[in-house]
Amino acid sequence: MKTAKLVLEGKEHELPVVVGSEGEVGIDIAKLRQATGAITLDDGYGNTGSCKSAITFIDGEKGILRYRGYDIDDLVRGGCRFSEVAYLLLYGELPNQRETEAWRYQLTHHSLLHEDMKKFFEGFPSSAHPMAILSAMVASLSTYYLEGENQEEVNIIRLLAKAKTIAAFSYKKSIGQPFVYPLNHLSYPANFLRMMFAVPTEPYEVNPIFEKALNQLLILHADHEQNCSASTVRMVGSSGANLFASIAAGVGALWGPLHGGANQAVIEMLEQIQADGGNTKKFVDMAKKKDSGFRLMGFGHRVYKNHDPRCRILKETVGKVLEQLGAKDPLLDIAKDLEQAALSDPYFIERKLYPNVDFYSGLIYRAMGIPTSMFTVMFALGRLPGWIAQWKEERTTAGARIHRPRQIYTGRTQRKFVPLAERP
Ligand code: SDX
């Protein structure tokens, strides 16, 4: 086994090295503090592996993303359905015909919410952000579906099946329309779109262009190894917390504008540029000034130092969807200008800042008529199977321990207590 040598205060220590199936090298510091009395410090965990995982592989330098060994390009262009990818992430293999039919049957026959859970929506204001509703409702599923003997698999299916219903109901609540129930003969994306846009007063046909595009979006968002929200799910799950509590925590982490909330922030940024006259260079220059407080949302990535492979596919899709609709979106032209301007600017080139998954995804949701406030919920629906797969892996890894990082204390050293009456 390869080792790494560390010299600390004149003493040499050998640390074991772990090599992954794709050749990634990790220095195992599990015994570091015991051997040296020192810990490591890594702001934002940019250099720290929290686990070994067999679910998703990313090569940030080459712009590679694979789920259980399959390139996402192959999954998307191979006509995979989101339900198949969810199965792949959770069970490690693509389902065969029989497994696919059984899996889809399960996912459709658990789509309804308990009728009493509908009452929860009466307490939310119509202005409630749908991510707040999603987080609250996912956590509340644990009040109806307890953990227990042989309950884990059915609770996983319940969560996957009901999340799209919760998301659609949160939209209906925000526009004061009646909830539309799922139909079991529809695919996952079609069922969601119908629950979002159908009304009880007339028939509704799901647009196949949107069904196909949404299927692709869900697949592209399905997992992304140890991103902020997946790490949150693993951390909460490592304490033994139930599935619903762990995933609700992941929803909260995803909501942030630096993470999944970026898809909403991208559209708001493009609208700001449009309202300002469309001068993309002005905004690129602003993004380069630290004190401007402005960042190009949808640009940059902790891991990808090359094109985000998901963004490449989505850029193609948004053009196709608008063309098939015979529609134009001025924000797409602004986005392409912005990308061009940034990718030819030394500031972005030096920092290897490329457009990420959030840069074009919102333009496709917009073309479908999904409101901006729902964009991060759409990200969460896609990411759900990945979060659950990460949670399962954390819980089933032999010897897995509760996540409890250390710190370097920089506060006041010991001082004498002064009773209130004697404080100046
Ligand atoms: C997602 O982790 C995942 O896998 C996430 C995700 C997933 O599928 O789960 O891929 C989904 O969250 C994509 C990222 C969405 N967020 C955004 O688009 C928000 C804008 N991007 C940034 O805030 C930033 O790029 C991050 C948060 C994505 C990454 O942050 P890092 O890795 O901590 O990088 P950093 O902030 O240290 O930036 C490095 C440098 C800095 O400049 P210097 O200090 O070197 O001078 O690049 C600059 C930053 O100021 N920079 C940007 C920038 N992003 C980084 N400058 C302008 N605009 C930007 N968008």
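1. Which residues lie nearest the centre of the second largest pocket? Val-76, Lys-212, Ala-213, Asn-215 and Gln-216 do, among the 22 residues of its lining. A pocket is an open set of points on a 1 Å grid over the protein atoms alone, where a 1.4 Å probe fits, with protein on both sides within 12 Å along at least five of seven lines; lining residues have an atom within 4 Å of a point.

2. This is a predicted model: local features need pLDDT of at least 70 and side-chain atom pairs pLDDT 80 or more, while totals for chains, interfaces and linings use all residues. Residues are numbered from 1 along each chain as its sequence is written, and side-chain values use heavy atoms, without hydrogens and water.

3. Eight lining residues of this pocket, the largest share, come from α9. At least two each are supplied by α2 (72–77), α9 (208–220) and α14 (309–325); helices are DSSP runs (H or I, at least four residues) numbered from the N terminus.

4. The ligand is surrounded by 24 residues (a heavy atom within 4 Å). His-224, Arg-295, His-301, Arg-302 and Arg-310 are the closest.

5. At Gly-298 a polar backbone atom is 2.8 Å from a ligand oxygen. Taken alone, the ligand exposes 1,000 Å² (Shrake-Rupley method, 1.4 Å probe), and the protein buries 78% of that.

How values were computed
Polar contact = N/O pair within 3.5 Å; in protein donor to acceptor, adjacent residues only side chain to side chain.
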